[in-house]
Amino acid sequence: MKRATLVKRFCKSLTVPTGRLAGKPIKLAPYQNRFIDGAFADGVNVGVLSVGRGNGKSAISAMLCVGELVGAWSDAAEREVIIAARTQEQARIAWNYCVSFIGTLPEDVQANISIRRQPRFEIQYDDENGPHLIRAISADGKSALGSSPTLAVLDERGH
């Protein structure tokens with residue numbers, strides 16, 4: 001099965017965590033489906049999504065981060081996801097979306113997840129392939145030292 005199909009299947013398995021649609025299944029917009037098809041196509045290792053504010057960039061980014069964390073389409077050992085933003089505050093906002101989506105995962109998956117807010121914003125998932133992490137970092141660069149991400153989400157890259 002194509003990776004893009006697995007990615008979309010995972011995203012659609014989630015439910016909306018907050019707001020007026022809370023508890024309803026995720027429905028991907030046509031542009032989100034096209035983005036996933038392109039970003040997760042064979043031979044592609046960089047995907048760029050550029051749409052206006054309020055169009056679900058943070059939500060789709062969080063879904064991709066959580067999917068990579070739990071191995072929805074990857075069985076790599078010690079997966080590491082980096083959410084990088086210009087400021088720590090902006091990185092935390094994207095990280096909070098991840099925490100919200102984790103709350104919609106099955107309870108047996110949630111039982112293997114640790115959420116840490118201090119000293120860094122990290123989410124750890126433990127399974128037979130080792131510990132897997134989501135880390136939120138700022139663009140200062142120092143906090144990225146020593147990382148080897150299997151997925152990197154760069155928010156507000158232009159800044």
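The following legends describe close-up views of a predicted model.

**View 1. Packing of helix α1 against helix α3.**
Helix α1, residues 3-13, packs against helix α3, residues 57-70, at an angle of about 105 degrees. The two axes are 10 Å apart. Angles of 65 to 115 degrees count as roughly perpendicular, so α1 is described as roughly perpendicular to α3. From α1, the contact is made by Val 7, Phe 10 and Cys 11. From α3, the contact is made by Ile 60, Met 63, Leu 64, Val 66, Gly 67 and Val 70. In terms of residue class, this contact of α1 with α3 comprises eight nonpolar residues, one polar residue and no charged residue.

Phe 10 counts as buried because its relative accessibility is 10%, under the 20% limit. Trp 73 likewise counts as buried, at 10% relative accessibility. A further edge-to-face pair is formed by Phe 40 and Trp 73, at 5.6 Å centre to centre and with 70 degrees between the planes. Phe 40 lies in the loop between α2 (30-39) and α3, whereas Trp 73 lies in the loop between α3 and β1, so the pair ties together parts that are 33 residues apart in sequence. Through these ring pairs, Phe 10, Phe 40 and Trp 73 are linked into a cluster.

**View 2. The surroundings of Phe 40.**
Phe 40, in the loop between α2 and α3, is buried, with a relative accessible area of 9%. Beyond its neighbours within four places in sequence, Phe 40 contacts Arg 3, Ala 4, Val 7, Leu 64 and Trp 73. Val 7 and Leu 64 also take part in the contact of α1 with α3. Thr 18 is 22 residues from Phe 40 along the chain, and the C-alpha atoms of these two residues are separated by 27 Å.

Ser 74 is located in the loop between α3 and β1 (80-85). Its relative accessibility of 19% places Ser 74 in the buried class, for which the value must be under 20%. The side chain of Ser 74 reaches the backbone nitrogen of Ala 76 at 3.2 Å. When neighbours within four places in sequence are left aside, Ser 74 is in contact with Glu 68 and Arg 79. Glu 78 lies in the loop between α3 and β1 and counts as exposed, at 52% relative accessibility. Although Glu 78 is not a glycine, its phi is positive, at about 50 degrees.

The peptide bond from Gln 118 to Pro 119 is cis, with omega near -5 degrees. Pro 119 occurs in the loop between β2 (113-116) and β3 (122-127).

Ile 123 is found in strand β3 and counts as buried, at 0% relative accessibility. At 17% relative accessibility, Gln 124 counts as buried. A polar contact of 2.9 Å connects the side chain of Gln 124 with the side chain of Arg 116. Not counting residues up to four places away in sequence, Gln 124 touches Asn 112, Ile 113, Ser 114, Arg 116, Pro 131, His 132 and Leu 133.

Conventions:
Residues are numbered from 1 along each chain as its sequence is written. This is a predicted model: local features need pLDDT of at least 70, side-chain atom pairs count only at pLDDT 80 or more; totals for chains, interfaces and linings use all residues. Side-chain values use heavy atoms; hydrogens and water are left out. Axes are lines fitted to C-alpha atoms, for helices over the stretch in contact, and angles run from 0 to 180 degrees between N-to-C directions. Helices (H or I, at least four residues) and strands (E, at least two) are DSSP runs, numbered from the N terminus. Angles under 35 degrees count as roughly parallel, over 145 as roughly antiparallel, 65 to 115 as roughly perpendicular and the rest as oblique. Contact means heavy atoms within 4.5 Å. Ala, Val, Leu, Ile, Met, Phe, Trp, Tyr, Cys and Pro count as nonpolar, Asp, Glu, Lys and Arg as charged, and the others, Gly among them, as polar. Buried means under 20% relative accessible area, exposed over 50%, partly exposed in between (1.4 Å probe, protein chains only). A polar contact is a pair of N or O atoms within 3.5 Å; within protein, one must be able to donate a hydrogen and the other to accept it, and residues adjacent in sequence count only if both atoms are side-chain atoms. Rings of Phe, Tyr and Trp (its six-membered ring) pair if their centres lie within 6.5 Å; planes under 30 degrees apart count as stacked, over 60 as edge-to-face and the rest as tilted.
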